[in-house]
Amino acid sequence: MTTGKKTIAVVNGTGRQAASLIRVASAVGYAVRAQIYSRTGIVAEELSQLPDVTLLEGPLLGNTTLIDNLFTGAKLAFINTCSQAGDEVSIGKALADGAKRAGTIQHYVYSSMPDHSIHHPQWPALPLWACKFTVENYIRQLGLPSTFVYAGIYNNNFTSLPYPLFCMALQEDESFEWRAPFHPDMGLPWLDAEHDVGPAVLQIFKDGPARWNGHRIALTFEVLSPKEVCRLFARALNRPCRYAHDPKIDIHVSIPAGYREQLERIEVLFGQMKAPYYPGPEFPRPVEGAKDPESQRLVQEARHLWAGWRGMEEYAREVFPVEEEANGLDWMN
Ligand code: NAD
């Protein structure tokens with residue numbers, strides 16, 4: 001397309017992070033070229049109808065042709081890989097190589113996550129996160145102008161379906177209970193990925209590498225303890241919501257093998273060892289929730305990038321019941 005617009009290359013376009021960016025970028029006049037795994041589904045259908053959004057369907061693993069098509073002529077890139085697509089290190093490195101080869105990328109924003117094991121001898125690496133940190137280091141070595149965003153815990157992980165870790169379980173008396181290994185007062189960083197990744201990443205592109213080259217940015221707008229999360233859910237939904245601290249994560253559904261290991265290590269890392277979600281020395285380390293001054297410092301950068309963020313209470317009131325209804329549940333009626 002010869003629109004003269006700047007093109008943003010994106011992968012995993014139907015994922016929550018990338019879709020959030022595609023929607024806002026298209027709305028304000030960027031061209032987007034996005035890899036997707038399948039055209040089936042409502043998000044792919046929605047994206048296919050947005051102005052100047054081109055979808056490239058196919059896998060990323062071992063797919064140099066698609067990767068070359070993705071980056072040709074693109075000036076900006078937002079790369080967030082996911083484990084379902086196969087070896088994230090190999091995919092992440094191939095994407096960085098492709099961006100370098102294209103020769104036109106001015107700013108490469110990579111959605112990274114930490115490797116806790118390098119920060120403390122007793123902290124285990126979380127397998128689904130540490131692979132992203134390996135790729136981050138590779139991108140740094142390639143010398144691409146790059147910025148590394150670290151997503152907080154998604155608000156919309158919560159569901160009353162029996163998925164592990166963020167199950168907001170409906171009780172017989174119509175109250176909710178969230179059961180997890182986090183200490184009840186431990187400050188956790190939250191992110192409404194669908195609402196807030198797009199605007200924040202767009203602002204990073206607008207500021208450019210002159211402002212953000214080499215930086216790590218905590219994409220979190222709110223630090224809340226589990227007790228505070230439940231208080232906000234209770235207020236938003238007008239029914240009791242209690243937090244139950246449980247060192248073991250219950251697994252009642254079938255989950256991919258890698259995710260089981262991730263959950264077992266989360267029990268140790270955040271439950272037993274109370275490690276900070278963001279372990280790097282550049283990140284403030286809240287011990288408690290919203291009132292901890294370190295919590296305020298941790299969210300400062302993201303709030304500066306994007307002031308219109310959606311907090312947990314708004315999520316619980318406006319979005320959670322809609323998502324639940326879409327999942328076939330009817331407690332909200
Ligand atoms: P998502 O979870 O919303 O979407 C997953 C994508 O995977 C979808 O696009 C889907 O089409 C695709 N997919 C599903 N099955 C597939 C398969 N078999 N093969 C290939 N693709 C398949 O994506 P997202 O939330 O934008 O990104 C996920 C990443 O975000 C993960 O790496 C995760 O570790 C990271 N992350 C998540 C959280 C959180 O709280 N959930 C926090 C920080 C980081």
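Which residues make up domain 1 and domain 2 of the protein chain? I looked this up before anything else, in what is a predicted model. Domain 1 covers 7–152 + 193–219. Domain 2 is assigned 155–189 + 221–285 + 311–326.

**Entry: domain spacing and contact**

I took the centres of the two domains over C-alpha atoms and found 26 Å between domain 1 and domain 2. I then looked up the contacts, where 18 residues of domain 1 meet 17 residues of domain 2.

Next I asked which elements supply the side of domain 1 that touches domain 2. I found α5 (127–142), α6 (193–207) and β11 (216–219), each with at least two residues there. Of the contributors to this side, α6 gives the most, with 3 residues. I also noted the residue classes on this side of domain 1: 9 are nonpolar, 6 are polar and 3 are charged.

**Entry: lysine 6**

I located lysine 6 in the segment before β1 (7–10).

I listed what lysine 6 touches, leaving out residues up to four places away in sequence: Tyr30, Ala31, Lys75 and Leu76.

I also checked lysine 6 against alanine 130. The two are 124 residues apart in sequence, and their C-alpha atoms are 32 Å apart in space.

Methods: Residues numbered from 1 in each chain as written. Predicted model: local features only at pLDDT ≥ 70, side-chain atom pairs only at ≥ 80, totals over all residues. Domains from an automatic or database assignment. Contact = placed C-beta atoms within 7 Å. Helix = DSSP H or I, 4+ residues; strand = E, 2+ residues; numbered from the N terminus. Nonpolar A, V, L, I, M, F, W, Y, C, P; charged D, E, K, R; others polar.
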